[in-house]
There are 2 protein chains.
Amino acid sequence: MNLKELARKLDLSPTTVSRALNGYPEVNEATRERVAAAAKRYNYKPNTRAIRLATGRAMAVGHVIPVATRHEIVNPVFADFIAGAGEVYSRNGYDMLLSIVPDDNEERVYRELKSRGTVDGVILHAPNTEDPRIPLLVELGIPFVVHGRATGTAPPYSWVDVNNRRAFLRATEFLLDLGHRRIGLLNGLEKMDFAIRRRTGYEDALASRGIPADPEIMVSEEMTEAAGYRATRAMMALPNPPTALLASSIIIGFGIRRALEDMGLAMGRDVSVIVHDDDLSYMRNGEDVPVFTATRSSVREAGRRAADMLISIITGKVLAPQEQLLEAELIIGQSTGPCKG
Amino acid sequence: MNLKELARKLDLSPTTVSRALNGYPEVNEATRERVAAAAKRYNYKPNTRAIRLATGRAMAVGHVIPVATRHEIVNPVFADFIAGAGEVYSRNGYDMLLSIVPDDNEERVYRELKSRGTVDGVILHAPNTEDPRIPLLVELGIPFVVHGRATGTAPPYSWVDVNNRRAFLRATEFLLDLGHRRIGLLNGLEKMDFAIRRRTGYEDALASRGIPADPEIMVSEEMTEAAGYRATRAMMALPNPPTALLASSIIIGFGIRRALEDMGLAMGRDVSVIVHDDDLSYMRNGEDVPVFTATRSSVREAGRRAADMLISIITGKVLAPQEQLLEAELIIGQSTGPCKG
DNA sequence: AATCGCGTTCAAACCGCTTTGAATGACCCC
DNA sequence: GGGGTCATTCAAAGCGGTTTGAACGCGATT
């Protein structure tokens with residue numbers, strides 16, 4: 001059943017039927033009801049492809065997921081982020097398009113999205129410092145929202161981010177307050193912007209207490225269980241090992257825990273651990289009492305916010321670049337305790 | 001730059017230009033080259049929306065992700081699956097559409113995908129036994145491939161699945177060979193088809209050695225770290241605790257490890273553990289030596305296979321329903337050892 | 001010379017909607 | 001009664017491609 005057929009059944013022109021269904025004011029209320037009833041009865045759904053061509057809008061949002069050709073890492077927070085974003089899209093009648101792209105090919109993909117008109121806007125994931133994708137998107141004129149920020153990027157742009165610096169500042173201060181002086185940092189790769197912000201927060205907290213940051217107990221690696229294990233073993237083998245560890249993800253935390261266990265050390269008693277917890281739905285930090293003391297910020301919520309923001313940019317509801325900074329909570333779990341050094 | 005403009009520049013009709021670019025045989029080779037050169041020079045990309053309307057094909061594949069309204073679980077294997085599928089789609093010029101849908105609404109979404117013509121086919125995720133979605137998709141005439149299978153579903157359908165029964169059969173036999181007689185099962189929710197197949201494999205292995213399955217050491221829960229912890233604590237507190245555990249996911253395995261540690265037990269020495277490992281890119285099972293002994297099968301590869309299969313169904317390359325059963329490897333790690341009971 | 005076939009190109013219809021601009025008729029006012 | 005306003009409806013022209021059916025030029029066939 002298409003519009004023309006429906007119109008014929010109703011003895012109306014396609015014009016009127018279309019307007020009736022789309023809520024235009026110039027149709028008689030009685031007519032509108034008749035049309036609505038018939039549409040329902042014949043289960044009429046307008047063809048998406050035709051709407052898109054006619055309106056020139058794609059009614060779709062793109063998420064370009066760069067897959068590192070070398071690292072082969074699919075970011076684990078990604079699933080939750082799009083779950084949040086997806087909720088918002090479907091509420092607003094938008095489709096969500098995913099492009100899995102080798103990361104050396106991203107520019108071409110954006111250019112094609114633009115010239116083929118497949119999407120109305122995109123979400124930019126995992127920004128690096130001075131990320132070249134941002135000026136590119138600005139140049140192409142594609143509406144976009146960044147999940148995260150990119151230090152050193154000139155043009156203004158819209159973003160949703162966690163206050164990573166403050167989160168790690170507070171976490172570090174909390175450990176300092178517990179008496180820890182040797183605090184190891186297990187960070188993500190520092191080409192990613194958030195990793196740099198987290199390190200800065202950590203360093204600032206140390207500096208404010210006059211403690212020099214020690215590169216020997218600061219690592220920047222992929223955020224995997226295995227990397228957490230390896231880094232922990234290495235740090236704990238130092239002549240002057242840390243008494244506390246601060247990690248950029250709960251997955252690293254699992255690796256830390258395994259390493260400590262293998263060395264016969266108890267987390268929370270012998271070594272304090274704080275992790276960043278993205279509140280992933282399939283990786284909850286314990287049930288009633290959190291396993292890890294953590295800086296927590298729901299990445300799913302970030303997905304919702306970013307999607308909302310993007311839609312209001314696409315629809316022209318807002319014009320200036322939007323910014324939204326989410327604060328992480330510091331939640332106390334079983335993995336921290338006073339320093340007994 | 002659109003087709004008409006390009007045609008005008010070339011002093012050709014849109015018809016010929018279109019045919020030249022789409023490889024139709026009736027265009028003069030010299031003309032074709034002239035067209036190709038101009039298309040490249042003016043960076044002409046045909047508008048996706050127009051192609052879709054004209055051809056009646058969506059050139060897109062849908063993935064409907066049911067989000068359990070109660071459990072709030074986004075399946076962690078999902079990110080890797082679509083990473084694999086996405087590779088195949090982009091190679092073939094298809095878009096990947098994601099719908100995040102409350103699971104009480106799935107039927108409506110499929111009907112809309114059909115009547116609005118948004119996609120050419122779908123991948124069905126996380127099938128339950130006698131899953132009603134399968135007959136629905138057959139009825140609607142939407143091409144689809146199931147990731148997994150659904151026992152007790154009447155109509156034939158295409159699927160890609162791991163041989164879950166055999167994987168767990170072999171894992172159980174391996175533990176039995178090590179002398180274990182009390183083997184606990186930490187399974188996923190048994191409304192999901194794969195969970196039932198895994199239990200069957202486990203039970204069959206026990207039965208073949210004349211060991212009765214004991215419901216006290218068999219749980220079926222969400223596959224989270226916390227659930228793994230809880231179940232392990234409960235089982236180990238029994239008067240007759242298991243000496244080995246078999247778990248449906250590596251995430252459960254992390255919970256098992258934490259529980260054992262809390263009880264002062266060493267994994268691999270005091271209690272043997274085998275997990276199923278989906279070979280997630282962000283959750284590798286150790287680096288050189290696997291941490292967990294595991295039944296391993298790459299879910300990313302499954303994504304590739306499913307996408308390939310779906311595309312050949314959509315394009316009519318194959319007509320009969322296709323089936324593909326992947327075998328899991330049994331890889332030996334540090335979490336298993338002889339029973340010392 | 002008329003006919004045929006072949007290779008190549010084109011005009012126009014079509015896909016299913018939206019949207020512009022015009023038409024219709026009822027009602028009101030002077 | 002003529003003109004103006006207003007509410008309502010419609011025909012037709014897009015949107016940017018694909019595809020059908022026809023046309024054209026030219027060498028080969030009869």
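**Notes on the predicted two-chain model**

1. A:Arg269 is exposed, with a relative accessible area of 51%, and that puts it on the exposed side because the cut-off is over 50%. Its salt-bridge partner is A:Asp270, with the closest N and O atoms 3.6 Å apart. A:Asp270 itself is partly exposed, at 28% relative accessible area. Keep in mind throughout that this is a predicted model.

2. Now for a salt bridge between the chains. B:Arg230 pairs with A:Glu287, and the closest N and O atoms sit 2.5 Å apart. The contact runs from helix H10 (residues 225–236) of chain B to the loop between strand S9 (272–277) and strand S10 (293–296) of chain A. Both ends are partly exposed: B:Arg230 has a relative accessible area of 34%, and A:Glu287 comes in at 48%.

3. A:Arg305 is partly exposed at 30%, as is A:Glu301 at 26%. The two also belong to a salt-bridge network with A:Glu87, A:Arg300 and A:Arg304. Over all chains, the salt bridges number 62.

4. On to the aromatics, where the structure holds 3 pairs over all chains. The rings of A:Phe254 and B:Phe254 count as stacked because their centres are 4.8 Å apart and their planes are at 10°. This pair crosses between chains, joining helix H11 (residues 250–262) of chain A to helix H11 (residues 250–262) of chain B. Both A:Phe254 and B:Phe254 are buried.

5. B:Phe254 also pairs edge-to-face with B:Phe292, at 6.1 Å centre to centre and 65° between the planes. That one links distant parts of chain B, with helix H11 on one end and the loop between strand S9 (272–277) and strand S10 (293–296) on the other, 38 residues apart. B:Phe292 is buried, like B:Phe254. Together, A:Phe254, A:Phe292, B:Phe254 and B:Phe292 make up one aromatic cluster.

6. A:Lys4, A:Arg8, A:Lys9 and A:Arg41 form a positive surface patch. Helix H1 (residues 3–10) of chain A gives the largest share of this patch, 3 residues. A:Lys9 lies in that helix and counts as exposed, at 53% relative accessibility.

7. Last, B:His63, which sits in strand S1 (residues 60–67) of chain B. B:His63 counts as buried, with 0% relative accessibility. Its C-alpha is 11 Å from that of B:Asp95, 32 residues apart along the chain.

Notes. Residues are numbered from 1 along each chain as its sequence is written. Chains are lettered from A and ligands numbered from 1 in the order in which they are written. This is a predicted model: local features need pLDDT of at least 70, side-chain atom pairs count only at pLDDT 80 or more; totals for chains, interfaces and linings use all residues. Side-chain values use heavy atoms; hydrogens and water are left out. Patches are made of residues with over 30% relative accessible area and no salt bridge: like charges are joined within 9 Å, nonpolar side chains (Val, Leu, Ile, Met, Phe, Trp, Tyr) within 5 Å. Accessible areas come from the Shrake-Rupley method with a 1.4 Å probe; for residues, only the protein chains shown count as cover. A salt bridge is a side-chain nitrogen of Lys or Arg within 4 Å of a carboxyl oxygen of Asp or Glu. Lys and Arg count as positive and Asp and Glu as negative; His and the chain ends are not counted. The place of a charge is taken as NZ of Lys, CZ of Arg, CG of Asp or CD of Glu. Helices (H or I, at least four residues) and strands (E, at least two) are DSSP runs, numbered from the N terminus. Buried means under 20% relative accessible area, exposed over 50%, partly exposed in between (1.4 Å probe, protein chains only). Rings of Phe, Tyr and Trp (its six-membered ring) pair if their centres lie within 6.5 Å; planes under 30 degrees apart count as stacked, over 60 as edge-to-face and the rest as tilted.
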